[in-house]
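Open the model in your viewer and keep the selection tool ready. This tour goes stop by stop, with something to select at each one.

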Amino acid sequence: MEQSGVAFGTSGARGLVTAMTDAVCFAYTVGYLRHLATLGEFAPGTPVAVAGDLRPSTPRILRACVAAIAHMQGKPVFCGYVPTPALCLHAFAQGYPSLMVTGSHIPADRNGIKFNRARGEFLKSDEAAMRTQDVVLPEGWFDADGVLVASVDLPDLTDVVPGYVARYRAFFGPDALAGLRLGVYQHSAVGRDVLMLIVEALGGTAVPLGRSTSFIPVDTEAVRPEDAVLAREWAADGKLDAILTTDGDSDRPLLADAQGNWLRGDVLGILAARFLGAAAVTTPVSSNTALEKSGFARDVRRTRIGSPFVVAAMTEAAEAGVTPSVGYEANGGFLLATDIAQDGRTLDALPTRDSVLPMLCALVAARRANTSLAALVATLPPRFTLSDRLVNMPTAQSLAEIERLSRNPAEGAMGLGFIETAEDLAHVDQTDGLRMTFANNEIIHLRPSGNAPELRVYVEADTPERAADLLKTGIGAVSVWKER
């Protein structure tokens with residue numbers, strides 16, 4: 001890890017493709033399996049499911065991971081190029097480990113490996129234990145540059161897509177989307193064709209849009225300006241009820257209304273949690289505070305950013321008997337700690353990020369209320385969140401600047417132009433980064449990305465216009481840090 005620079009982010013190992021050599025990916029996978037062996041979840045002969053996204057580097061890395069599984073005498077199960085939640089649904093149900101080769105939303109010059117345990121996500125405690133494993137590379141398997149030279153092929157395909165599609169058809173019903181014409185922005189998301197199948201399986205009309213032959217880093221928390229333009233253009237003729245898409249590995253949703261306005265993931269999370277009748281809702285500290293103001297959940301838990309933290313907290317809520325227990329992230333990824341029973345149908349727990357469930361909840365809720373998606377969103381308390389990122393900002397520098405700001409937040413906020421007097425700063429939360437709540441109830445949250453050299457800036461205000469102004473102010477103020 002130290003030599004390659006490939007480290008754990010918020011969701012598994014991430015790094016530059018050039019650093020993620022076959023030898024590095026092999027070593028990571030062996031360490032992962034050795035850790036699972038100490039937990040009784042892996043032994044010779046144990047199946048290990050693998051899948052990947054559509055990045056150019058993914059097939060190579062998959063082959064290195066399969067080589068490691070074979071070296072450890074496991075049984076690799078190749079599930080193809082499918083959404084992360086489709087892989088997890090299959091592996092969790094079978095009770096065996098799984099890994100997904102994906103860089104999620106980050107650019108194609110980077111990639112990653114997301115590890116899972118036999119029935120749930122890899123938690124931070126697993127990560128720490130995995131780091132202690134001793135791994136020795138087998139002689140003759142790699143050349144001097146870490147390229148795999150041993151003969152290893154991907155196994156025959158195990159098709160997990162039908163089960164994933166059936167999950168939603170069984171819960172929502174074959175007519176849940178009847179009468180809706182839904183655009184599916186396909187870009188380079190690994191679930192682009194699966195999403196078409198799900199819309200049609202639920203009775204909707206799926207219209208493919210914007211399919212790409214090259215990888216596009218769609219970030220559901222920081223929508224690219226060109227994607228905002230595309231959505232409005234596709235919606236201009238008034239023939240679409242909504243537009244659906246996901247990030248690269250299709251575990252984070254992005255849903256636009258009939259006017260082509262992309263919904264924030266944390267707003268989508270609130271709509272989904274409310275639709276499902278959640279008693280306990282867990283979400284990171286960066287998510288929209290309209291959740292608490294909505295008042296439908298009797299137990300709201302706030303965590304650090306990252307699905308492992310959400311999984312841990314929502315599981316604690318479930319174990320405390322507060323059910324149904326769900327979780328979501330500001331990127332829209334939705335997680336189920338417990339089963340959901342509704343209208344005589346049951347949706348089994350899936351404690352990993354899913355992109356399809358929250359989009360379907362919002363669309364079905366609007367359809368049942370005989371209203372539009374935009375009107376459904378308008379039923380929530382008026383709180384508006386936006387986020388953006390300062391790219392090519394080294395993580396160490398971001399941490400140093402935030403630590404400096406944290407020593408005297410009021411003085412620092414005044415220096416950055418966020419407030420005029422120290423009394424204007426009402427509250428500081430350092431759960432993850434530095435989250436400043438001001439006396440006028442506006443919020444600016446600064447945090448280094450866990451997946452790339454970027455500084456994330458989150459804001460919240462009472463109107464979308466004020467949120468946009470606040471984000472512009474926030475990005476502009478911290479941009480000076482790059483010049484130091």
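At what angle do helix α3 and helix α5 pack, and how far apart are their axes? Select residues 84-94 for α3 and residues 161-172 for α5: they pack at about 95°, with axes 9 Å apart. That makes α3 roughly perpendicular to α5 (65 to 115 degrees counts as roughly perpendicular, under 35 as roughly parallel, over 145 as roughly antiparallel and the rest as oblique). Axes are lines fitted to C-alpha atoms, for helices over the stretch in contact, and angles run from 0 to 180 degrees between N-to-C directions.

A word on the model before moving on. It is predicted: local features need pLDDT of at least 70, side-chain atom pairs count only at pLDDT 80 or more, and totals for chains, interfaces and linings use all residues. Residues are numbered from 1 along each chain as its sequence is written, and side-chain values use heavy atoms, leaving out hydrogens and water. Helices (H or I, at least four residues) and strands (E, at least two) are DSSP runs, numbered from the N terminus.

**Where the helices touch**

Show side chains for Pro85, Ala86 and Leu89 in α3; they meet Gly163, Tyr164 and Arg167 in α5. Contact here means heavy atoms within 4.5 Å. By class, four residues are nonpolar, one is polar and one is charged. Ala, Val, Leu, Ile, Met, Phe, Trp, Tyr, Cys and Pro count as nonpolar, Asp, Glu, Lys and Arg as charged, and the others, Gly among them, as polar.

**Ala49**

Next, pick Ala49 in strand β3 (residues 47-52). Is Ala49 buried or exposed? Ala49 counts as buried, because its relative accessibility is 0% (buried is under 20% relative accessible area, exposed over 50%, partly exposed in between, with a 1.4 Å probe and protein chains only). Its contacts beyond four places in sequence include Val77, Leu87, Ala91 and Tyr96.

**His105**

Move to the loop between β5 (98-101) and β6 (110-116) and select His105. His105 counts as buried, because its relative accessibility is 2%. Which side chains does it meet? Its side chain makes a 3.3 Å polar contact with that of Ser104, and another of 3.3 Å with that of Arg456. A polar contact is a pair of N or O atoms within 3.5 Å; within protein, one must be able to donate a hydrogen and the other to accept it, and residues adjacent in sequence count only if both atoms are side-chain atoms.

**Backbone stops**

Select Gln73, in the loop between α2 (58-71) and β4 (75-78). Its phi is near 65°, a positive value in a residue other than glycine. Gln73 counts as exposed, because its relative accessibility is 54%.

His187 sits in strand β7 (residues 181-187). Its phi is also positive, near 20°. His187 is buried, with a relative accessible area of 0%.

Then find Thr323 and Pro324: a cis peptide bond joins them, with omega about -5°.

**The sheet**

Last, show the open sheet of five strands, in the order β18-β22-β21-β20-β19, with antiparallel pairing. Its edge strands are β18 (384-390) and β19 (425-429), each pairing on one side only. Strands pair if DSSP finds at least two bridges between them. Zoom in on β20 (residues 434-438) and β21 (residues 443-448), which pair over four bridges. Arg435 stands opposite His445 in β21.
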